[in-house]
Amino acid sequence: MPSHERTLRLLKSMARIEPARPSLKSGLRAAVAALVPVLVGQVAPVPATSWATLGGFLATVADKGGSYRARAATMGALTVAGALAAIAMALAGGWPWIATIALFLGISAAGFARVYGAEAGSVGGLVAIIMAASVAAPAGGAEALVRGAGVLAGGLWAMALALLLWPIRPYRPVRVAVAACYRALADQAVALEEASRRGEEAGYHALVQRHASLRAAIEAARAALGGVRRGRQGESGRGERLLVLLQEADQLFGTLVVLADTLEAAGDPGPSDRRSDARVEAERALAAFARTAHEVARVVETEGGGPRLQPIAWDEQALRAAIARDAREGGRAVAMTRSRLLHAAALLAQLREHLRIAADTAPALDDDSPAEATPGEPAAAAPPGPKLRDRVLGPLRANLTARSLSLRHALRVGLAAAVGMAVSQGFELRRGYWITITAVSILQPYTGATVLKGLQRIAGTVLGCLLAAGIAAAVHDPLGLLALIFVLATAGVALLPVNYGAFSALLTPTFVLLAELGSGDHHLTHLRVVNTLIGGAIALAAIALLWPSPERDRFPEQMAQALRAAREVLAQAAASYGSGQEGAEAQLAAARRDAGLATSNAEASFQRLVSESRGAAEALEPLMAELTYTRRFVASVVALASSPGPSASPSRREELARFERRVGRALEDLAAAVAEQRPPEPLPDVLAPEPADEGAGVEPAPTTLGTLFEAQLVRIARQVTVLHAAVSRAALAARERSGP
């Protein structure tokens, strides 16, 4: 790609407006938390008001929403850790070498906090800012304690504002949007029940006309969730559970579409003088589904959660029994009609399973703990030993290795901060802590994210300093200046979910003008620009020289792990198919959870790859296909495993075992090809028949299940074919990128 095209693409990335709404309430609250201490300092000679401003602002930024308990824990941890860090760094700042070593150790420890989760990582990053600011202003014992008290007071004020006086519920719009999806699904089920009862073609046609509005509701909820979660680095439980509910709604929608087509094609196999038992049973299941979906919508929309909802009170065996009764009573059922109705029974079972997960997830929306297990399924037993010790020491043991990405990032941030401080001290730069804060704020664990954020920070700072210079030249009244600072702080925080560059452009004049107001020095804008440029250069040099982690080197292994996890799902599905054994079903559920986690990790890696990619956009298409069809493969395999019930014949199970061996070998080769970035071996015909085993004594497969079973195998084989083609195209693109 020519250099001018790369530059244009990078500029577009910097200016990209994310699909999120500006959070005006969050901006107003952050401005109030930061400026009330400033006003107090203007009215009364209260010490350390500037530190209270910093503590209040950072504590507000740390509030990512969620339950009151989780928010209080996050903000409280920042407040206490920030106060202690301010005291320690103020005391160490009097000795340059000790200060540099202390800053390296402190910021490295703060960066390493991300091993305990995203929230801990966010708190660590904000505490690092307090460290950088405090070490640049050495203080004795009493003054250091006053400084720590200022940070503590500011954090407590922000907590009172966020938790008591002005609570904000950022996920309320998402809950309403997700609830609307489940109400629409319930209405769709009711409409399908009516169409089945009337048996009119017009009713089924009307169902198809409703598909667009239901899809629009799901996409609206997806956009709302993406907008709220974007920029919430510390989010865990609530966003994950809403995502689970949205994914289940999407699965329910697709299953309802297929079910409507199946019921329309099946006809009525009952006696000519009355409606069949099979039809009545299917309609009863749809009515039960609609009632439960309405209950899920109510609980999702209601703040405060509630008790676990009851799943659909229906078993697909009731429909199978009704089909058998209709046949015995001399109905006009034929093999194809019965096969379609049996397919409908399997689809209704899938509806029940997806809605069961939603019913288990909805009451837990106010729990902000990570959603580690699939809702409704038992979590793995905790290992023996004290739980607190495991939670504290486990992540440390796992990440205290040279290959740990978290440890490398922590050391990289600490070294960059130490270099920034050494540069500011060596050249005696005024406001040198802006260098360190810039480097710490820009550095991310991944190369692409650091480059993009660094350029946005630099560009935003330059624009912000120009704005600050203009305001300082035009406004000389302190109260008028504070009013403008309030507006800038509000707008900056409100635009953080939309564009980080806009956030930087508005927050820069906020703190430059506050610094000028407090010091009386009205010539700080050029210092901010110079120091930001130095800090940005240090951050970019650190990510390039210290354990660079370009995502193009990481994504292949993540994708290979997802493919191997998908292979394991197929193996467990073949083992549990029709067995009815509880242990086999639990192993399949565990394999499905592992595959979901592996695919999610690969998707996250792909998003980082997109942010740092400088090649042609077409090169990303096969990677997107790999991710999409890995998820579809797993979903189809799970549907296959749940379709036969405990009555699958030995011949059917043996046929599936042969299919699993062939597909398993193909998936293993695809995983190796992805990891090695080579073309895969030619794909064999995984559906080719094998000679029957003479004298094996295996009973023939029942004809009523043949159509559905074979269709499921064909669907899975088709997805493997698409995956094979995608891996081949990705290998070709990688070869072209690396050259001859």
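A residue is called buried when its relative accessible area is under 20%, exposed when it is over 50%, and partly exposed in between, using a 1.4 Å probe and protein chains only. By that scale glutamate 301 is partly exposed, because its relative accessibility is 22%. The structure is a predicted model, in which local features need pLDDT of at least 70 and side-chain atom pairs count only at pLDDT 80 or more, while totals for chains, interfaces and linings use all residues. Residues are numbered from 1 along each chain as its sequence is written, and side-chain values use heavy atoms, with hydrogens and water left out.

**Overall architecture**

- The protein chain contains 25 helices and zero strands, where helices (H or I, at least four residues) and strands (E, at least two) are DSSP runs numbered from the N terminus.
- Of its 740 residues, 51% count as buried.
- A contact means heavy atoms within 4.5 Å; among contacts in the protein chain with a separation of 6 or more, 82% come from residues 24 or more positions apart.
- The protein chain exposes about 33100 Å², of which carbon and sulfur atoms supply 61%; accessible areas come from the Shrake-Rupley method with a 1.4 Å probe, and for residues only the protein chains shown count as cover.

**Salt bridges**

- Side chains of opposite charge can pair when their charged atoms come close.
- A salt bridge is defined here as a side-chain nitrogen of Lys or Arg within 4 Å of a carboxyl oxygen of Asp or Glu, and the count by this rule comes to 14.
- Aspartate 63 forms one with arginine 29, the closest N and O atoms being 2.7 Å apart. Aspartate 63 lies in the loop between helix 3 (49-62) and helix 4 (68-92), and arginine 29 lies in helix 2 (residues 24-43), so the pair ties together parts that are 34 residues apart in sequence.
- Both aspartate 63 and arginine 29 are buried, and a network of salt bridges links Arg29, Asp63 and Arg71.
- Arginine 183 pairs with glutamate 301 in a salt bridge whose closest N and O atoms are 2.7 Å apart. This pair links distant parts of the chain, with arginine 183 in helix 8 (residues 172-198) and glutamate 301 in helix 11 (residues 277-301), 118 residues apart.
- Arginine 183 is partly exposed, because its relative accessibility is 29%.
- Glutamate 655 forms a salt bridge with arginine 652, with the closest N and O atoms 3.1 Å apart. Both residues lie in helix 24 (residues 650-676), three residues apart, which is about one turn of the helix.
- Within this pair, glutamate 655 is partly exposed because its relative accessible area is 26%, whereas arginine 652 is buried because its relative accessibility is 6%.

**Surroundings of threonine 100**

- Threonine 100 is placed in helix 5 (residues 96-112) and is buried, because its relative accessible area is 13%.
- Leaving aside residues up to four places away in sequence, threonine 100 touches Ala418, Met421 and Gln425.

**Confidence of the model**

- The predictor's confidence in each residue is given as pLDDT, from 0 to 100; the protein chain averages 80, and 80% of the residues score at least 70.
- Among the elements of the protein chain, helix 5 has the highest mean pLDDT (95) and helix 12 (residues 316-328) the lowest (70).
- Over residues 230-236 pLDDT stays under 50, and the model has 24 contacts beyond four places in sequence for them.
- Over residues 269-273 pLDDT also stays under 50, with 16 contacts beyond four places in sequence.
- Where pLDDT is low, the predicted coordinates should not be read in detail.
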